[in-house]
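This report covers selected features of one protein structure, shown below.

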Amino acid sequence: MKVSDQILEKVEVNKKKIGELLLEHTSLTPEQLEEALELQSDEKKLLGEILLSKNYIHPHEIVKVMCHQVQIPYLTELKVEDIDPNNVKDIAINYAKHHEVLPILETESSITVAMSDPFNFNAINDLTGIFKKEIQVVVTTPLKLQDAINRVYEKANRNLVDSIEDEFEENLDLDGPIDILDASEDDAPVIRFVNSIIFRAVKERASDIHIEPYEKEVVYRFRINRVMTEILRQPKKTHAAVSSRIKVMAKLDIAEKRLPQDGRIKIKIAGKDIDIRLSTVPVQNGERIVMRVLEKTNTVLELESLGFQGKVLKGLQELSTKKNGVLYVTGPTGHGKSTTLFAILDRMNTPDRMIITVEDPVEYELHGVSQIQVNPKIDLSFARALKAILRQNPDVVMVGETRDQETAEMAIQASLTGHFVLSTLHTNDAASAPTRLIDMGVQPFLISSSLVGVLAQRLVRKLCNECKEPTDLSDHEMQMLDIDVIPQNANVCKPVGCPSCNMTGYGGMTVVAELLLITDRIRPLVIAKADASTIKKAAVKDGMATLADDAIDKIFLGVTSVDEVLRAIISEAEES
């Protein structure tokens, strides 16, 4: 938290008393304080600034000391179970989290508000206007406050669900993107509840929302960083209203509950456009709903920031300069294939190149790139769109997914006539791509003459930088990872868990990849229809680092953990 100017000014008042309080209430030592006071006399800086720059104290320790000096209560713990969720009904969660304020106790004449910065007078004035009462300030740490805000607002959501009935009103305009933060108290409870679930999913960067009805209750789960997390359980009686509300948002038939339905919802959150792909499937206790959350953005990440390194990064950089050929990116659904394709496209996007893409849906918008979205309703498929755009004479073509023989053959023919083609394919590893294309019906000689490379990738969770701790590999772990020697500069770490990572030990994702280059050693094997194992062994002889190799490198760099690699990479390789 940034310390306000008011706090630094207060620190300057009565240096001796501040110094004594810092020694009493923080880990500051007398020697460190003496050093800071000497520097202050030379540099004419505020004492607080010097202590912070030397990392002798944390910013919030100054706040703690100021609270003692000006007699503002400082709480080491917040008892969330004692906070009435009705206290926050007039305050939006994004406001509470941005200003780090939480009303914790209301009386007839005053309301007590927990804050991280007691000198945030703008927020205090706002709260005075909202509650029309005297504001009593107490202070706690930002981490404890953020955790309490999440839990109190979750309790408020649960209370909201209790008022949901089996019927609801629909009073929102569905012609354009729905601003889900625009729901008012006058809206039906089910509308506000569904909006809160979607808002929380976007805030927590969930890729999927799963709504699963069972005999007596409905379970809500998010997929965050490729891991399913249960976030809520609700009575079964609420499901019909929630299901109908979501289907109305997607313009589906709310009366049809016996057949699967697919749809799309366009929403807007704080100015951001979010595209949700909806799938409903009838199960024994109702309709199971899955919503895939896609944030439409103009920001394309670079290959390096995605986690590519070493030979894979160098190989992709070389492939991005080629004038013709086919490059496939393979991997399971939701493992970042499209993101990687756009990172490569962005590198290739120069004024002297014409680039056209065919996607389902358009996830990133690139300036200077013509993008087409497939539409099954009017028979605009990948193959049909690809056939049309080749008449536009592009230099680079990106096909969102190769699903059938027709699309695969057209991509290969395009590469043979001077185009560079990028696409995705569903295989377990890079070496399986040629055999997958052969299974589709593509002639082996066409594959060997057009394919230039296959990138296989997975996403693994990155360790939280705030709480990860160094560790040693056990003999069992070394055996599971199939390694004999640990590099001298290895920085193996393990997850711990802290409030900043929601006690998971992980924060964010990184890519683990292998790049199969079609060399003179590989081409004869493709023509001979060699199996994936044979192709992989030949590629390793050519210097290819496998998925497991790249994952182990990231363990040694302290980027991810042994458990995560064993879960996401090693176990999968053994199964295949």
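## Surroundings of V202

Leaving aside neighbours within four places in sequence, V202 is in contact with I269, I274 and V293. The model is a predicted one. V202 belongs to helix 9, which spans residues 189-203. Buried means under 20% relative accessible area; V202 has 18% relative accessibility and therefore counts as buried. A further pair involves E295: its C-alpha atom is separated by 8.3 Å from that of V202, although the two residues are 93 apart along the chain.

Seven strands form an open sheet with mixed pairing, in the order 13-12-14-15-11-16-19. The edges are taken by strand 13 (369-373) and strand 19 (506-517); each has a single partner strand, so one side of each is left without a neighbour in the sheet. On average, neighbouring strands of this sheet are turned by 20° against each other, direction ignored.

T357 has Q371 in strand 13 as its bridge partner.

## Helices on the sheet

| Helix | Strands | Angle |
|---|---|---|
| Helix 15 (residues 405-416) | lies across strand 11 (325-330), strand 14 (396-399) and strand 15 (420-425) | about 140° to strand 11 |
| Helix 16 (residues 432-440) | touches strand 11, strand 15 and strand 16 (451-463) | about 90° with strand 15 |

Notes. Residues are numbered from 1 along each chain as its sequence is written. This is a predicted model: local features need pLDDT of at least 70, side-chain atom pairs count only at pLDDT 80 or more; totals for chains, interfaces and linings use all residues. Side-chain values use heavy atoms; hydrogens and water are left out. Two strands pair if DSSP finds at least two bridges between them. Helices (H or I, at least four residues) and strands (E, at least two) are DSSP runs, numbered from the N terminus. Axes are lines fitted to C-alpha atoms, for helices over the stretch in contact, and angles run from 0 to 180 degrees between N-to-C directions. Contact means heavy atoms within 4.5 Å. Buried means under 20% relative accessible area, exposed over 50%, partly exposed in between (1.4 Å probe, protein chains only).
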